Amino acid sequence: MNYLEEADIAITICDREGKILEMNQQSKAVNQKPGQELVGQNILDCHPEPARSLLVHLMEHQEKHVYTIEKKGKKKLIYQIPWYKDGVYMGFAELSMVIPFEMEHKIRG
């Protein structure tokens with residue numbers, strides 16, 4: 001059972017070369033045009049420069065990249081991370097979620 005298939009977050013998983021392995025429903029709704037299928041395609045082909053080169057760098061160096069964007073009147077948190085299986089680098093994951101423009105921030109000790 002895939003607990004995140006219907007989650008209120010877009011999740012895209014690719015392999016080491018950038019081939020898209022999985023997308024949950026929200027990722028497909030946000031990233032695919034009608035009639036388009038991105039699973040099996042290369043994620044690098046979906047990003048124009050300079051985002052493409054940045055993704056290549058992140059994947060080659062297995063680095064995390066976290067930032068926010070504003071698109072169509074919504075603020076989103078983008079969380080791009082390498083993923084591993086048994087300690088071996090397997091590819092890259094992107095999580096994207098809508099967040100409020102003003103957010104509560106808590107400090108916990």
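Predicted model: local features only at pLDDT ≥ 70, side-chain atom pairs only at ≥ 80, totals over all residues.
Biologist: Which residues make up the largest nonpolar core?
Modeller: Cys14, Ile20, Met23, Leu38, Ile43, Leu44, Leu55, Leu58, Met59, Tyr89 and Phe92, 11 residues in all. A nonpolar core here is a set of buried Ala, Val, Leu, Ile, Met, Phe, Trp, Tyr and Cys residues joined through side-chain atoms within 4.5 Å; buried is under 20% relative accessible area with a 1.4 Å probe, protein chains only.

Biologist: Which element gives the largest share of this core?
Modeller: H2 (51-61), with 3 residues. Helices are DSSP runs of H or I, at least four residues, and strands are runs of E, at least two, numbered from the N terminus.

Biologist: Which residues of H2 are buried?
Modeller: Leu55, Leu58 and Met59. They sit on the same side of H2 because they cover an arc of only 95 degrees around the axis, taken from the directions from the helix axis to the C-beta atoms.

Biologist: And what do the buried residues of H2 pack against?
Modeller: Strands S1 (10-15), S3 (65-71), S4 (74-85) and S5, with contact meaning heavy atoms within 4.5 Å.

Biologist: What happens just after H2?
Modeller: Gln62 takes a positive phi of about 50 degrees there.

Notes:
Residues numbered from 1 in each chain as written. Heavy atoms only, no water. Buried < 20%, exposed > 50% of the residue type's maximum accessible area, 1.4 Å probe, protein only.
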